[in-house]
Amino acid sequence: MEKLALITDLRNADVYRMADIYKEAPEELQADKDVVIAMVSMHGSFIPNSFKDDPEVALAAVRNNGRSLEHVNPSFQDDKEIVKVAVQRVGSAISFASDRLKSDREIALLAVKNNGNALK
């Protein structure tokens, strides 16, 4: 399987089938960061364990869906730039931020701007 074909298959799959397609791909493609970023850009809730510590992958996931903040490495839940992107996409993603960032004025305002009930 070629890299471009795999990325196309991942982008066209629903989230349930996407995980299977990824797991069935050759190991060298599973280890390819471009493949993983393409995948999490479509379905950010599935982040392979080997990429959970990668800030680019975390950012791609939350850009797709702010609620993907729940699935990233906890250190990224305390990364202001990643959390900002998440709450700008989905205000309620603030619930997955670190306690420090939940009380950050800028983060809180962004979350409420996106969703007036984000802090409830």
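Predicted model: local features only at pLDDT ≥ 70, side-chain atom pairs only at ≥ 80, totals over all residues.

Analyst: Happy to: here are some labels, each set against its cut-off.

User: Why is Tyr22 called buried?

Analyst: Buried means under 20% relative accessible area. Tyr22 comes in at 5% relative accessibility, so it counts as buried.

User: Why does Phe46 count as buried?

Analyst: Its relative accessibility is 18%. The cut-off is under 20%, so Phe46 counts as buried.

User: What makes Asp32 buried, and what does its side chain do?

Analyst: Asp32 has a relative accessible area of 18%, under the 20% limit, so it is buried. You'll find Asp32 in the loop between α3 (27-30) and α4. Its side chain makes a polar contact with the side chain of Lys3 at 3.2 Å, and the limit for such a contact is 3.5 Å. Leaving out residues up to four places away in sequence, Asp32 touches Lys3 and Phe51.

User: How do you know that Ala108 is buried?

Analyst: With a relative accessible area of 15%, Ala108 falls under 20%, so it is buried. Ala108 belongs to helix α8, and beyond its neighbours within four places in sequence it is in contact with Ile94, Lys102 and Leu119. Compare Leu4: Ala108 is 104 residues from it in sequence and 39 Å away in space, C-alpha to C-alpha.

User: Which residues touch the most other members of the largest nonpolar core?

Analyst: There are 40 residues in that core, and Leu6, Leu10, Tyr22, Val40, Leu69, Val83 and Val87 touch the most other members. Several helices each supply at least two residues, among them α1 (3-12), α2 (15-24) and α6 (80-89). Val83, for one, touches Leu69, Phe76, Gln77, Ala97, Leu101 and Ile107, again without residues up to four places away in sequence.

User: Which residues of α5 are buried, and what covers them?

Analyst: Val57, Ala58, Ala60, Ala61 and Val62 are the buried residues of α5. Their cover includes α4 and α6.

Methods. Residues numbered from 1 in each chain as written. Heavy atoms only, no water. Core = buried A, V, L, I, M, F, W, Y, C linked by side-chain atoms within 4.5 Å. Buried < 20%, exposed > 50% of the residue type's maximum accessible area, 1.4 Å probe, protein only. Helix = DSSP H or I, 4+ residues; strand = E, 2+ residues; numbered from the N terminus. Contact = heavy atoms within 4.5 Å. Polar contact = N/O pair within 3.5 Å; in protein donor to acceptor, adjacent residues only side chain to side chain.
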